Amino acid sequence: MLSWGWRHWFPGHRSDLTALYLTESLRNFGFALVGIFIPIYIFQLTGNFYYLPLYYLIFSGVAVLSLLPVSSLLPRVGIARSVFFSNLLRIAAFALLLAAPLAHPLILLAAVMEGFLIPTYWIPYHFIYTKEGRVGFYGREIGLMDLFGQSVRALAPLLGGLVILFFDFPALYLLAIIVVLLSSLPLSLAGDHLSFTEFSWKRVLSGLFSRPWRLFLIGYSGLGAEFAITGIFWPLFLFGIAGSFATL
C-alpha cells in the first residue's frame, strides 16, 4: 500500500531527491536541537541585547556578499562536497558559540560562519530540485520535504530542552554537531555525479532587478523581516513567559 502510494504521488522519483530528503531532515534536526535556544544563550551569556541584532546583521550581510563569489566556485567543488563543507561551517559556528564564554566576539565570528552556509548549502539544495525533479511534481516533492523537515524540527527542541535540563549547553551542542555531521552521509553516498551549470554574474544581476522579479524581492524582504523577528524576539518572549528551558 505504501509502495503504491509513493509511486502514485511521486512517479519517476530519483534517488538523489531521496538522499536530499534524508540530508535535510537530519540537518534540520541537528540545528533545531539548539536553534530556539541560541538567542537565549547569547543574551544570557553577554547580558547585552544588542549582540542579537548584530549577530543576525552579520549573518545576513555575509550571506548576501558571498552569494555570487561562492556560487562561481561551486561547479568546481560539486554538490556533495559543497554540502559537506556547509555542514563543517555549521559545526564551526556551534563550536564558536560553545567557546564564546571565553571571548564574546566569538559569537560574531559564528555569525560569519552561518552566513557562508547560504551559498554553500542552499544553492546545491535548489539545484537538485531543478535537475532531478519532474515538471508537474515540484509541489509534491517540496511538500514532502517540508513534511519531513518540519516534523523533525518540531520534535528537536523537546529533546534539546531535556538535554539542557539533565546535562548542560555543551552536551546539547555536542549532540547537534554529531547529527549535523551525519547529515552529510546521504548525499555523499548517493555520489557526486550531478554537475552545476555555469552562469553569468551579469545575467543573474540583471534578472534579479528586472521588473518581473520586483515582487519576489518584496516577498523575500518580508520573509527576511519575519526571520529576524522570530529568530530574535520570539524565543526571548517565550522564555520570559516559560521561565525555564524545560518548560520552553
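## Phe49 and Tyr50

Phe49 counts as partly exposed because its relative accessibility is 29%. Tyr50, at 64%, counts as exposed. (Buried means under 20% relative accessible area, exposed over 50%, partly exposed in between, with a 1.4 Å probe and protein chains only.) This is a predicted model: local features need pLDDT of at least 70, side-chain atom pairs count only at pLDDT 80 or more, and totals for chains, interfaces and linings use all residues. Residues are numbered from 1 along each chain as its sequence is written, and side-chain values use heavy atoms, leaving out hydrogens and water.

## Aromatic pairs

The structure holds 10 aromatic pairs. (Rings of Phe, Tyr and Trp, the last by its six-membered ring, pair if their centres lie within 6.5 Å; planes under 30 degrees apart count as stacked, over 60 as edge-to-face and the rest as tilted.) Phe49 and Tyr50 pair edge-to-face, 6.1 Å centre to centre, with 70° between the planes. Tyr121 and Trp122 are also edge-to-face, at 5.0 Å and 85°.

Tyr121 is buried, with a relative accessible area of 0%. Trp122 is partly exposed at 29%. Tyr41, Phe94 and Tyr173 form one aromatic cluster.

## Nonpolar core

The largest nonpolar core has 38 residues. (Such a core is a set of buried Ala, Val, Leu, Ile, Met, Phe, Trp, Tyr and Cys residues joined through side-chain atoms within 4.5 Å.) Ile42 and Leu97 have the most contacts inside this core.

Leu97 touches Ile38, Tyr41, Ile42, Tyr55, Ile107, Ala110 and Tyr173, not counting residues up to four places away in sequence. (Contact means heavy atoms within 4.5 Å.) A second, separate core of 14 residues includes Ile79, Phe127, Ile128 and Met145.
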